[in-house]
Amino acid sequence: MKIMAEKKDLSYLTSLVYRAASSKNTIPVLSGLLLEASREKGLAMTATDMEIGIKVSSSDIEVIEEGTVLVNAHYFADFIKLLPDTKITVELNEETAKIVINYGRSSGYINTYREYEYPDLPLSQVEKKISLPQNILKTALKKTSFAAAATHFRQVFTGVLFDIMAGNQLNVVASDTHRLAYFTCPIPDYQGDPFSFIIPARTVTELMRVLDDSSDPINIAFTENNVLFFKEEILLFSRLIEGNYPNYEQVIPSTFNTTVCIKSDVLVDTLERARTMPSDDKLKIQHVIFSLNQGEAIVSAYSEIMGGIEEVIDDLQVQGDPEVKIAFNTGYFLDVVRILEAESENIQIQLSGSLGPALIKDPQKEDYLYVLVPLRTSN
């Protein structure tokens with residue numbers, strides 16, 4: 001095998017793929033990056049740890065000699081990334097079982113694995129289900145995936161739910177049981193029955209890397225217990241999280257005593273300053289007290305060791321009960337306010353007392369909402 005490419009092109013392809021390779025040494029070939037050079041199809045790269053797999057290809061890479069080689073994915077990616085911006089040749093020396101990488105008058109080499117031991121991606125009996133514009137899916141994942149749990153005894157809460165409803169509606173949901181992020185959009189071309197699936201948070205991270213901001217479609221298909229996201233020259237497969245996701249619609253509140261409309265940039269700045277106060281109370285959770293008092297909002301945070309902060313926000317609109325005092329996890333509150341600040345001048349916060357869950361959204365849109373469960377504090 002022998003290929004020639006610009007460093008930036010080779011590095012870009014490698015950056016999309018190599019993270020899918022295993023970082024453990026239990027099965028060495030799973031830490032590999034498979035390079036397949038073909039004059040007809042160009043260069044294809046594949047990496048997988050059998051939980052997630054990514055394959056990308058490019059016809060822009062010049063193939064001088066066809067062939068296949070398997071190298072350590074992380075080392076290859078790091079090496080290529082640090083090369084100077086110049087033409088690079090990658091050539092397999094079959095006698096030494098090494099690939100030689102030439103750049104200018106310099107060169108390096110990397111040992112190879114036995115490529116015939118590399119597993120095939122589970123691409124048989126693939127059934128395509130739906131297609132979505134890439135920018136819509138990217139937005140849905142950005143607005144929801146952060147709310148999934150890092151760890152949880154119920155694994156479904158560590159993933160993101162795709163719930164295809166009757167009426168060609170897709171709901172994308174993530175929750176760690178203390179908060180819930182929900183995004184909905186139409187899928188007008190879907191003609192099948194309702195169904196749902198859950199993808200791991202790691203899959204979301206890698207999927208976000210391959211999605212672009214265009215309205216070009218990304219296709220979603222299934223085979224056994226795997227989901228495939230694919231578009232031209234890029235394919236990502238992932239194992240699904242097994243289990244039934246709880247009825248998330250039941251936890252979205254529908255009745256409220258108070259509705260607040262507040263400037264998003266003002267609230268972001270206030271919460272950023274409040275977050276400088278470390279937590280040292282019995283809760284061990286950094287939190288703010290959000291109080292409404294006759295047309296004003298008071299946001300306060302306190303640390304017995306470090307100090308305290310209290311800010312008054314008077315540029316807001318309040319409907320319903322004008323006096324409410326509620327405690328929120330500062331980070332959880334700030335997460336959604338940052339997201340909404342990017343698209344809206346104002347944020348709507350709907351409350352039902354000091355212990356009821358709050359619903360936070362853009363007052364001008366109905367496609368996204370965030371449910372935040374308050375904290376019980378002694379303050």
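Predicted model: local features only at pLDDT ≥ 70, side-chain atom pairs only at ≥ 80, totals over all residues.

## An exposed loop residue

Glu366 has a relative accessible area of 61%, so it is exposed. Glu366 belongs to the loop that runs between strand 25 (358-361) and strand 26 (368-372).

Once neighbours within four places in sequence are set aside, Glu366 is in contact with Thr184 and Lys361. The C-alpha atoms of Glu366 and Cys185 are 9.8 Å apart in space, while the two residues are 181 residues apart in sequence.

## The chain as a whole

The chain contains six helices and 26 strands. Its C-alpha trace spans about 80 × 50 × 35 Å along the principal axes. Of the 379 residues in the chain, 48% are buried.

Contacts across the sequence can also be summarised for the chain. Taking contacts between residues at least 6 apart in sequence, 67% join residues that are at least 24 apart.

## Loop between strands 12 and 13

Two residues of one loop deserve attention here. Thr177 is located in the loop between strand 12 (169-175) and strand 13 (179-186). The phi angle of Thr177 is near 80 degrees, which is a positive value in a residue other than glycine. With a relative accessible area of 40%, Thr177 is partly exposed.

His178 is likewise placed in the loop between strand 12 and strand 13. The relative accessibility of His178 is 46%, and this residue therefore counts as partly exposed. Residues up to four places away in sequence not being counted, His178 touches Tyr332, Val371, Leu372 and Val373. His178 and Pro374 are separated by 196 residues in sequence, yet the distance between them in space is 8.3 Å, C-alpha to C-alpha.

## Another positive phi angle

Gln294 is not a glycine, although its phi is positive, at about 50 degrees. This residue is situated in the loop between strand 19 (287-293) and strand 20 (296-303). Gln294 has a relative accessible area of 54%, and for this reason it is exposed.

## Packing of helices 3 and 4

Two packed helices are described by the angle between their axes and by the distance between those axes. For helix 3 (residues 134-144) and helix 4 (residues 201-210), the packing angle is about 145 degrees and the axes are 10 Å apart. The crossing of these two helices is left-handed.

On the side of helix 3, the residues that take part are Gln134, Leu137, Lys138, Leu141 and Lys142; they meet Val204, Leu207, Met208 and Val210 of helix 4. By class, the residues of this contact comprise six nonpolar, one polar and two charged.

Glu206 is a residue of helix 4. Its relative accessibility is 5%, so Glu206 counts as buried. Leaving out residues up to four places away in sequence, Glu206 touches Arg19, Ile52, Ile54 and Leu236.

## Aromatic pairs and a cluster

How many aromatic pairs does a search of the whole structure find? The search returns 13 such pairs. One of the aromatic pairs is formed by Phe197 and Phe222, whose rings are arranged edge-to-face, with 4.9 Å from centre to centre and 75 degrees between the planes. Because Phe197 lies in strand 14 (residues 195-200) and Phe222 in strand 15 (residues 217-223), the pair ties together parts that are 25 residues apart in sequence.

Both Phe197 and Phe222 are buried. They also belong to one aromatic cluster, which is formed by Phe162, Tyr190, Phe195, Phe197, Phe222 and Phe229.

## Lysines over aromatic rings

The charged end of Lys129 sits over the ring of Phe195, at 4.9 Å from the ring centre.

Terms used. Residues numbered from 1 in each chain as written. Heavy atoms only, no water. Axes fitted to C-alpha atoms, helices over the stretch in contact; angles between N-to-C directions. Helix = DSSP H or I, 4+ residues; strand = E, 2+ residues; numbered from the N terminus. Left-handed = near helix turned anticlockwise from the far one by under 90°. Contact = heavy atoms within 4.5 Å. Nonpolar A, V, L, I, M, F, W, Y, C, P; charged D, E, K, R; others polar. Phe/Tyr/Trp six-rings, centres within 6.5 Å; stacked < 30°, edge-to-face > 60°. Buried < 20%, exposed > 50% of the residue type's maximum accessible area, 1.4 Å probe, protein only. Lys NZ or Arg CZ within 6 Å of the ring centre and 35° of its normal.
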